[in-house]
Amino acid sequence: IIYNYTKNHISYIYERSIRRFPRYLSFWYGYIDHLVIIQNKSLLNSLYGRLLSIHSNNELVWIKAANFELFSNGNSESTRILLQRSLRFNPKSQKLWMFYYKFELWYASRILDRKQVLGLQVDS
């Protein structure tokens, strides 16, 4: 009972902090770390959405959100959509273009590995 109260109280404090000081990324990152520790994916999903709406020009925020979507949620299609959206907001960002390129290469190699495991013919 005390543990749940503590988790909820810490979340409440972070919510108040990011509402009052939405430009301070340290509050956002602290809240994200807290939600990762307590394993609350639903709040993390909505928090990343709110974070991206406020800090849409921050490359690191987009990369962290894409990593979360890919490795925590396991959704490569949503990761692709998120990265394409990041490139619409930041078309001249070399970091985002490189991350998107690496993601696509990773995805292509994953498909090739699946084909090999299934015994399907792999095109050269």
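I looked up Q39 first. In this predicted model, Q39 is exposed, with a relative accessible area of 68%. The cut-off for exposed is over 50%, so Q39 gets that label at 68%.

I then checked where Q39 sits. I found Q39 in the loop between α2 (25-37) and α3 (41-54). I also noted the backbone angle of Q39. Its phi is near 60°. That is a positive value, in a residue other than glycine.

Next entry: helix α3. I counted 14 residues in α3. From first C-alpha to last, α3 reaches 20 Å. That is close to the 20 Å expected at 1.5 Å a residue.

Which residues of α3 are buried? I list L44, L47, Y48, L51 and L52. They cover an arc of only 130° around the axis, so they lie on the same side of α3.

Last entry: R85. I placed R85 in helix α5, which spans residues 76-89. Is R85 buried, partly exposed or exposed? R85 has 32% relative accessibility, and therefore counts as partly exposed. The value falls between the cut-offs, under 20% for buried and over 50% for exposed.

I took one distance from R85. L96 is eleven residues apart from R85 along the chain. The C-alpha atoms of R85 and L96 are separated by 10 Å.

Methods: Residues are numbered from 1 along each chain as its sequence is written. This is a predicted model: local features need pLDDT of at least 70, side-chain atom pairs count only at pLDDT 80 or more; totals for chains, interfaces and linings use all residues. Side-chain values use heavy atoms; hydrogens and water are left out. Helices (H or I, at least four residues) and strands (E, at least two) are DSSP runs, numbered from the N terminus. Buried means under 20% relative accessible area, exposed over 50%, partly exposed in between (1.4 Å probe, protein chains only). The expected span of a helix is 1.5 Å times one less than its number of residues. The arc is that of the directions from the helix axis to the C-beta atoms.
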